[in-house]
Amino acid sequence: MAAPAPVLPTTRDENWKHAPLRGIERLRWAPPTALTQEAELAATALLGDDSPQGAIGARIVLVDGLPCPELARGNAAGVAYRAADSLKQPGEPTASIDLAFAGLNRHHRQGELLIRVPDGETLELEVVCVALACGHPALRIDLGTRASLRLLERHLGVASSLANLSLSVGLGHGARLEHARLLQPADGARHFETLQAAVGADANYRVIQVTSGAAATRSTALVSLEGAGADLGWHTAALGTGTQTHDAYVRVTHDAPAVRTEQGFRGIAADRSRIAFNGHMQVTARAPGAHSAQTLRGLTAGAAAEIDLRPQLEIDIDDVRASHGATIGKLDADMLFYLLSRGLDQATADSLLKWAFIADVIARLSDPAWRSRFEDALAPLLPGAHAARSLT
Amino acid sequence: MLEIKDLHARVGDRKVLDGINLHVPNGEVHAIMGPNGSGKSTLAYVLAGRPGYEVTGGSVLFRGQDLLTMAPEERAQAGLFLGFQYPVEIPGVNNVYLLKAALNAARKHRGLPEVDAFEFLQLVRGKMKLMQMDEAFLSRGVNEGFSGGEKKRNEILQMLVLEPSLALLDETDSGLDIDALKVVAQGVNTLRAPDRAIVLVTHYQRLLDHIRPDRVHVLARGRILRSGGPELALELEARGYDWLLAGETA
């Protein structure tokens with residue numbers, strides 16, 4: 001039996017002020033019950049021809065939340081799709097409004113992709129979620145003691161699609177997860193997601209995310225550093241064009257001794273787009289020696305563009321090192337003139353500086369092939385900057 | 001190459017250039033000297049088209065074209081190069097990419113195909129050797145973390161790769177030790193050619209010991225007060241600017 005449908009938030013709710021919630025009550029949230037041949041063809045077309053250079057070891061594809069074995073690639077040991085019928089549903093509506101979309105996902109999901117890496121083992125995987133109509137993809141990532149996963153997660157979708165992703169991440173003692181995320185549904189699509197993560201002792205969780213597609217995205221992330229020495233790197237970028245809205249709320253709870261977070265955000269709002277990032281750092285009394293560093297930066301590149309950055313620190317203990325800062329500005333006029341004085345045209349110079357603004361996020365990807373994937377994905381948005389890769 | 005007539009310009013409400021007249025023929029090196037605040041850097045910025053520097057009168061012909069109607073990038077593509085006094089740092093944009101993009105922009109303007117990566121790197125490596133620069137600089141962000149001297153070398157490297165018709169070098173010697181000055185001067189001298197011209201903006205004679213100018217101009221109070229041969233720079237070194245300014249006042 002499906003979980004009951006939760007009450008959805010409004011912009012009057014704390015942490016949802018900038019969320020793209022207008023008209024959500026009229027959206028058709030029910031997903032398709034089965035994957036049709038037409039849907040498979042449409043997903044194939046959206047995926048295009050993935051370059052072998054950027055190919056990840058194995059690939060799983062979910063279309064509107066349903067597995068599409070025909071588009072899978074390689075052998076991903078430890079990865080399995082479990083239909084909703086076989087899952088134990090909590091059956092309780094979620095108390096926190098921040099988890100309302102996760103509740104909606106549980107209500108509608110057809111199943112769950114379980115990515116399990118046993119103790120001491122390693123895995124490299126690509127998961128592509130394709131939205132054609134409406135999907136509630138659910139991913140559960142479970143890393144055992146000193147297990148290691150490199151996960152590239154991509155989201156594509158057609159213009160009218162609706163996606164509501166639920167991600168549940170658990171890192172065991174000493175586990176490592178490099179989680180590269182690329183959100184690029186077509187303009188017009190809507191994408192909601194909720195990530196809940198529990199990071200164990202001495203585990204290392206790295207999130208590198210770029211959001212550039214869809215008419216509207218809302219990311220909610222609740223991360224708990226539960227084990228002593230847990231280490232979180234959270235580096236994300238959002239690029240808004242047209243009338244897009246990209247809104248994110250990230251709450252990191254430092255809840256064990258000597259845990260550490262480094263969070264960076266880069267937002268570029270062009271045209272009439274709106275970007276919001278609310279980074280909430282909590283340090284509880286159980287986290288002596290915690291270290292939290294937060295740097296949020298926004299670039300407005302349109303007369304009617306808006307950026308709202310909200311760094312928040314909530315500390316319940318003295319023994320902590322915490323820093324946070326947020327700046328919003330425009331393209332640097334001196335840099336721009338320097339590039340123009342070298343003969344680059346205005347559009348290329350603009351693109352290059354925007355590229356430079358977010359390059360710090362992409363540079364954190366450990367694998368050059370992954371960086372190439374991100375660069376390729378951003379090329380249409382930053383014409384001219386794509387060639388800015390090192391030639392040496 | 002460059003013909004400036006009665007050029008007036010201001011920055012904000014401040015009148016900085018007050019009737020500059022200057023003729024720089026092909027093949028020559030001209031030095032512009034003058035006290036602080038005389039308008040030397042403003043002249044360089046006005047010629048390069050920097051926003052905020054408003055031309056209020058006069059004309060500038062560059063290779064027969066009306067320079068003042070051209071956008072900054074068009075001036076660069078047409079062969080004008082400004083070596084900055086304070087080159088800006090641009091983290092995230094590779095030095096090598098900027099070099100290649102700038103070179104291709106100039107080639108495109110001349111109707112030439114883009115340079116291929118191998119040919120380009122051969123070219124750049126040769127120029128870097130001349131400037132005694134480590135190749136590691138290529139993969140770093142533009143001027144990112146460079147010392148003052150490294151930034152100036154990088155400016156000259158860009159100039160050598162782009163081979164402009166007219167190079168305006170704004171206090172390229174400032175912040176350089178003697179050895180670095182020699183290297184930079186050697187780079188500049190490499191560019192001397194009958195179909196090019198170089199304008200050096202400098203405070204000091206010492207640069208002119210290494211780059212011998214054909215003409216020296218003294219710019220003060222927004223105007224060229226005196227022009228002469230290389231001996232004028234020696235006279236300025238010995239006597240300073242006061243005698244010229246006093247004469248102007250009288």
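Is B:R221 exposed, partly exposed or buried? At 44% relative accessibility, B:R221 counts as partly exposed (buried is under 20% relative accessible area, exposed over 50%, partly exposed in between, with a 1.4 Å probe and protein chains only). The model is predicted: local features need pLDDT of at least 70, side-chain atom pairs count only at pLDDT 80 or more, and totals for chains, interfaces and linings use all residues. Residues are numbered from 1 along each chain as its sequence is written, chains are lettered from A in the order in which they are written, and side-chain values use heavy atoms, without hydrogens and water.

B:R221 sits in the loop between β11 (215-220) and β12 (223-228) of chain B (helices, H or I, of at least four residues and strands, E, of at least two are DSSP runs, numbered from the N terminus). Its phi is positive, about 50°, although B:R221 is not a glycine. Most residues other than glycine have a negative phi. B:Q132 also has a positive phi, near 55°, and is not a glycine. B:Q132 is found in the loop between α4 (117-130) and β8 (141-142) of chain B. Its relative accessibility is 54%, so B:Q132 counts as exposed.

Chain B meets chain A through 38 residues of chain B and 25 residues of chain A (contact means heavy atoms within 4.5 Å). The area buried between the two chains is about 2400 Å² (the accessible area, 1.4 Å probe, that two parts lose on being put together, summed over both). Carbon and sulfur atoms give 71% of that area. In chain B, B:E73, B:I90 and B:Y97 lose the most area to chain A, together 23% of what that side buries.

Between the chains there are 2 salt bridges (a side-chain nitrogen of Lys or Arg within 4 Å of a carboxyl oxygen of Asp or Glu). B:R50 forms a salt bridge with A:D334, with the closest N and O atoms 2.4 Å apart. Several elements of chain B each supply at least two residues to the side that touches chain A, among them α1 (40-48), α2 (72-77) and α3 (95-109). The largest share, 7 residues, comes from α3(B).

In chain A, A:Q282 lies in strand β17 (residues 274-283). A:Q282 is buried, with a relative accessible area of 17%. Leaving aside neighbours within four places in sequence, A:Q282 is in contact with A:R251, A:V252, A:T253, A:H254 and A:E314.
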